[in-house]
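Work through the exercises below with the sequence and the model at hand. Each task is followed by a solution in steps.

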Amino acid sequence: MDLKVLIDQEKLKNRIKELGAEITNYYKEKTDTIHAVCVLKGAIHFFTDLVENIDLNVEYSFIHVSSYSGMESTGRIRVKSWIDEPIESKYVLVVEDILDTGQTLSYILGYLNRYNPKDLKVATLLKKPSKKPIVSADFIGFDIEDKFVVGYGLDFDEKYRNIPYIGYME
Ligand SMILES: O=P(O)(O)OC[C@H]1O[C@H](OP(=O)(O)OP(=O)(O)O)[C@H](O)[C@@H]1O
Ligand code: HPA
Ligand SMILES: [Mg+2]
């Protein structure tokens with residue numbers, strides 16, 4: 001299958017550097033330590049690049065949830081693993097790769113809120129505004145058009161995750 005480039009490596013790198021600075025600025029008067037939650041599998045590349053650009057102590061958690069089959073959300077969020085540390089009273093930053101329908105993020109935020117974090121924010125690399133996601137993110141890398149994108153962690157049925165740029169299929 002042919003892939004077209006939507007966001008190349010250089011653009012990803014530059015924007016993630018800016019996002020790291022925005023995130024640092026937001027927290028720096030409030031706390032010296034945040035707790036970042038990586039939403040596996042898709043956010044793995046974004047997470048590792050983003051945390052390197054945040055000038056604070058960053059604790060890590062990983063959650064693994066999945067709901068897509070091919071290019072469609074099944075609407076059922078399967079939780080494969082969940083945070084293994086308390087986040088009560090912490091500054092929590094959820095790190096997602098993409099906000100599409102918003103169902104995944106809505107589910108995650110609903111549950112994380114029950115642990116009473118001090119503050120709960122979201123960074124997403126990509127957002128599809130035309131899909132009108134049901135929840136919003138606080139830090140957004142790129143607004144993109146409604147194309148099914150792959151690469152840099154994002155997959156189509158587990159393929160293309162290791163492509164180093166964001167591409168789309170034709
Ligand atoms: O806003 P939504 O419509 O819910 O879509 C966004 C979610 O869907 C994808 O996960 P997926 O279920 O494909 O799991 P994966 O991260 O393991 O690929 C993506 O990584 C987001 O987590
Ligand atoms: O456009 C997408 N690409 C890959 N995974 C996704 N999960 C939601 N939307 C997408
Ligand atoms: Mg996926």
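This is a predicted model: local features need pLDDT of at least 70, side-chain atom pairs count only at pLDDT 80 or more; totals for chains, interfaces and linings use all residues.

**Exercise 1. The shell around ligand 1**

Task: Determine which residues come nearest to ligand 1 and which elements give two or more residues to its shell.

Solution. There are 19 residues around ligand 1, and those that come nearest are Gly42, Tyr68, Asp100, Thr101 and Thr104. Strand E3 (57–69), strand E5 (91–99) and helix H3 (103–113) are the elements that give two or more residues to the shell. Of these, E5 gives the most, with four residues. By residue class, the shell divides into six nonpolar, eight polar and five charged residues.

**Exercise 2. The largest nonpolar core**

Task: Find the residues that touch the most other members of the largest nonpolar core, and the element that gives the most to this core.

Solution. The core holds 33 residues, and Val37, Leu93, Val94 and Val95 touch the most other members. The elements that give two or more residues to this core are helix H1 (9–28), strand E2 (33–40), helix H2 (44–51), E5, H3, strand E6 (119–127) and E8. E5 gives the most, with seven residues.

Take Val37 as the worked case. Leaving out residues up to four places away in sequence, Val37 touches Ser61, Ile63, Ile83, Val92, Leu93, Val94 and Val95. For H2, the buried residues are His45, Phe46, Phe47 and Leu50. The elements that cover the buried residues of H2 include H1, E2, E5 and E6.

**Exercise 3. Backbone exceptions**

Task: Where is the cis peptide bond, and which residues other than glycine have a positive phi, one at about 65° and one near 45°?

Solution. First, the expectation: most residues other than glycine have a negative phi, and most peptide bonds are trans. The peptide bond from Leu40 to Lys41 is cis, with omega near 0°. Lys41 lies in the loop between E2 and H2.

Turning to phi, Ser89 has a positive value of about 65° and sits in the loop between E4 (72–81) and E5. With 11 other C-beta atoms within 10 Å, Ser89 is exposed, because the cut-off for exposed is 12 or fewer. Asp157 has a positive phi near 45° and belongs to the loop between E8 and E9. Asp157 also counts as exposed, with 10 C-beta neighbours inside 10 Å.

**Exercise 4. The annotated span**

Task: Which residues does UniProt list for the phosphoribosyltransferase domain, and how far apart are the end C-alpha atoms of the span?

Solution. An unreviewed UniProt entry lists residues 9–156 as "domain: Phosphoribosyltransferase". In the model, the end C-alpha atoms of residues 9–156 lie 19 Å apart, and the span is 26% helix and 38% strand.

Notes. Residues are numbered from 1 along each chain as its sequence is written. Chains are lettered from A and ligands numbered from 1 in the order in which they are written. A residue is near a molecule or strand if its C-beta atom, placed from the backbone, lies within 6 Å of it. Ala, Val, Leu, Ile, Met, Phe, Trp, Tyr, Cys and Pro count as nonpolar, Asp, Glu, Lys and Arg as charged, and the others, Gly among them, as polar. UniProt positions are given in the numbering used here, feature names are shortened, and annotations may be inferred rather than shown by experiment. A nonpolar core is a set of buried Ala, Val, Leu, Ile, Met, Phe, Trp, Tyr and Cys residues joined through C-beta atoms within 7 Å. A residue is buried if 20 or more other C-beta atoms lie within 10 Å of its own, exposed if 12 or fewer, and partly exposed in between; C-beta atoms are placed from the backbone. Two residues are in contact if their C-beta atoms, placed from the backbone, lie within 7 Å.
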